[in-house]
Amino acid sequence: MSQYETPLFSGLIEHAKKDPVQFHIPGHKKGTGIDPEFRHFIGDNALSIDLINIGPLDDLHQPKGMIKQAQDLAAEAFDADQTFFSVQGTSGAIMTMVMTVCGPGDKIIVPRNVHKSVMSAIVFSGATPIFIHPAIDEKLGISHGITTDSVARALEQHPDAKGVLVINPTYFGMAADLRKIVEIAHSYKVPVLVDEAHGVHIHFHEDLPLSAMQAGADMAATSVHKLGGSMTQSSILNIKGNLINPKRVQSILSMLTTTSTSYLLLASLDVARKRLATEGKELISQTIELAQYIRREVNSIPHLLCVGEEILQLDAVYDYDPTKLIISVKELGLSGFDVEKWLRDNHNIEVEMSDLYNILCIVTPGDTKREADILISALKELAAQPINNNDMVKAEVLLPDIPLLALTPRDAFYAKTELVPFDESEGRIIAEFIMVYPPGIPIFIPGEIITEDNLTYIKKNMEVGLPVQGPEDFDLRYLRVIKEQKAIR
Ligand SMILES: Cc1ncc(COP(=O)(O)O)c(C=O)c1O
């Protein structure tokens, strides 16, 4: 089959054209049984292929027909040995990766700033995380990737780890030296699992960082929906090499996946793969050019900084994705949160995210010079306003020590717990997550022993106005800890 074909999407259209009499779910039956206003809005075409795993349409849980053909084409496009489609987002694919390599008590090496799906999988599997501190960018107040040295040190100390998980590229588009990380891990026969949520496009352009499959990683969970043009929630899981058993991957992914898989999402993966494989390079070239245009213009605006290739001087940044625009706004005397709101209220612009110091805008083949100029002129207007230096964002980004893990996150999660006053919690084992954003690194994960230093760190961050996230008690007067069993007299 050629990359120009879309076996799944085309197969669904062919099936719908036959206009079968449907005595199966979904009960809206080609849209005739759905709310008319919704039907009118979403259209009969979409509803006609909102189907289910009847015989002719294959089954994501045991693909043999059109889904298998679509997955095989994706494997070829991404240079993987095998590709699995996910309708549970990249979160589902990440949980599958972790649970494929880890069982109860197994170690997995992970950066401290992992996505919550990694921690969920650690709880589900009963694995023990071995954390690596990501590099912190003091200037931008964000965390980057992990260095090759830190991976080497972690493996030296834990050669029995069942996997190394790497976020590549990060949300902000920073890439590690993934090929070297893979080389180090493979010298211990340890597989590398890549969270590639923000990197589906990098595989298709040589000016972008190496993709997980290009770097020789064993597994990669990749959000096609984020930057690759498929519908929200649709992702892929690529595998390569002989350290991973594909049958185990399939069965774990199946365990974590709904039996009512959406064919709209699956078909959108098929067409996104076709576009990336056949036109991706050209589309991404245009996207890079557009992003570089915005970057240059923003950098000509006083008090604004749009991060560019100077970031490559940092240890943990081996390469970067220029289609991500990190715009540092702190010199305006405003926080990223303020700027996000100002752009929304005054120009109907929605950014991807904001934090204390920055806004993040993503540029994709869906953008044109029109959108670029709207953003540039809005930022010019904002920067022309008087600056109140008293409001300058001065918060310092500190790096907390990682506390000792007394229980696996799973044991802590299932243990009996109680709330104790924040100031009396030192020495207890925490049962909840607490993180400060930015830089988005957890201070505590369930199972860790609370230290005075880390309590002080939380207080300091709150004093300077950094948002502390995670605890059940938003005001942090209490923390949830593991209940202690007192001796009976
Ligand atoms: C770094 C990272 N990993 C994983 C995910 C999860 O992806 P999804 O939303 O497709 O489940 C996200 C989502 O934002 C993410 O930022």
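Predicted model: local features only at pLDDT ≥ 70, side-chain atom pairs only at ≥ 80, totals over all residues.

**Notes on the structure**

1. Glu340, Arg344 and Glu350 are joined to one another in a network of salt bridges. Over the whole structure, a search finds 22 salt bridges.

2. Among these salt bridges is one between Lys17 and Glu14, whose closest N and O atoms are 3.5 Å apart. Both residues belong to helix H1 (residues 7-17), and because they are 3 residues apart there, about one helical turn separates them. Lys17 has a relative accessible area of 61% and is therefore exposed, the cut-off being over 50%. Glu14, at 45% relative accessibility, counts as partly exposed.

3. Another salt bridge brings together the side chains of Arg39 and Asp44, at 2.8 Å from N to O. Arg39 is partly exposed, with a relative accessible area of 27%. Asp44 is also partly exposed, at 39%.

4. Glu418 and Arg428 form a salt bridge in which the closest N and O atoms are 2.6 Å apart. Glu418 lies in strand E16 (residues 417-421), while Arg428 lies in the loop between E16 and strand E17 (434-436), so the pair ties together parts that are 10 residues apart in sequence. Glu418 has a relative accessible area of 25% and is partly exposed. Arg428, with 12%, is buried, because buried means under 20%.

5. Phe38 is found in helix H2 (residues 36-42). With a relative accessibility of 40%, Phe38 counts as partly exposed.

6. Is strand E1 (residues 82-86) largely enclosed or largely open? Of its 5 residues, 4 are buried, so the rest of the structure largely encloses E1. The strand runs antiparallel to strand E10 (residues 235-239), and 5 bridges join the two. Within this pairing, Phe84 stands opposite Leu237 of E10.

7. From Thr90, a backbone N or O atom lies 2.8 Å from an oxygen atom of the ligand. His198 takes part through its side chain, where an N or O atom is 2.7 Å from a ligand oxygen. In the side chain of Lys226, an N or O atom is 3.1 Å from an oxygen atom of the ligand. On its own, the ligand has 390 Å² of accessible area, and the protein covers 79% of this.

8. Strands of a sheet pair through backbone hydrogen bonds, in either a parallel or an antiparallel manner. Here 4 strands follow the order E11-E13-E15-E14, with antiparallel pairing. Strand E11 (305-306) and strand E14 (353-354) stand at the edges with a single partner strand each, so one side of each has no neighbour in the sheet. E14 is paired with strand E15 (residues 358-362) over 2 bridges, in the antiparallel sense. In this pairing, Ser354 has Ile359 of E15 as its bridge partner.

Terms used: Residues numbered from 1 in each chain as written. Heavy atoms only, no water. Buried < 20%, exposed > 50% of the residue type's maximum accessible area, 1.4 Å probe, protein only. Pairing = 2+ DSSP bridges. Polar contact = N/O pair within 3.5 Å; in protein donor to acceptor, adjacent residues only side chain to side chain. Areas by Shrake-Rupley, 256 points an atom, 1.4 Å probe, with all protein chains shown as cover. Salt bridge = Lys/Arg side-chain N within 4 Å of Asp/Glu carboxyl O.
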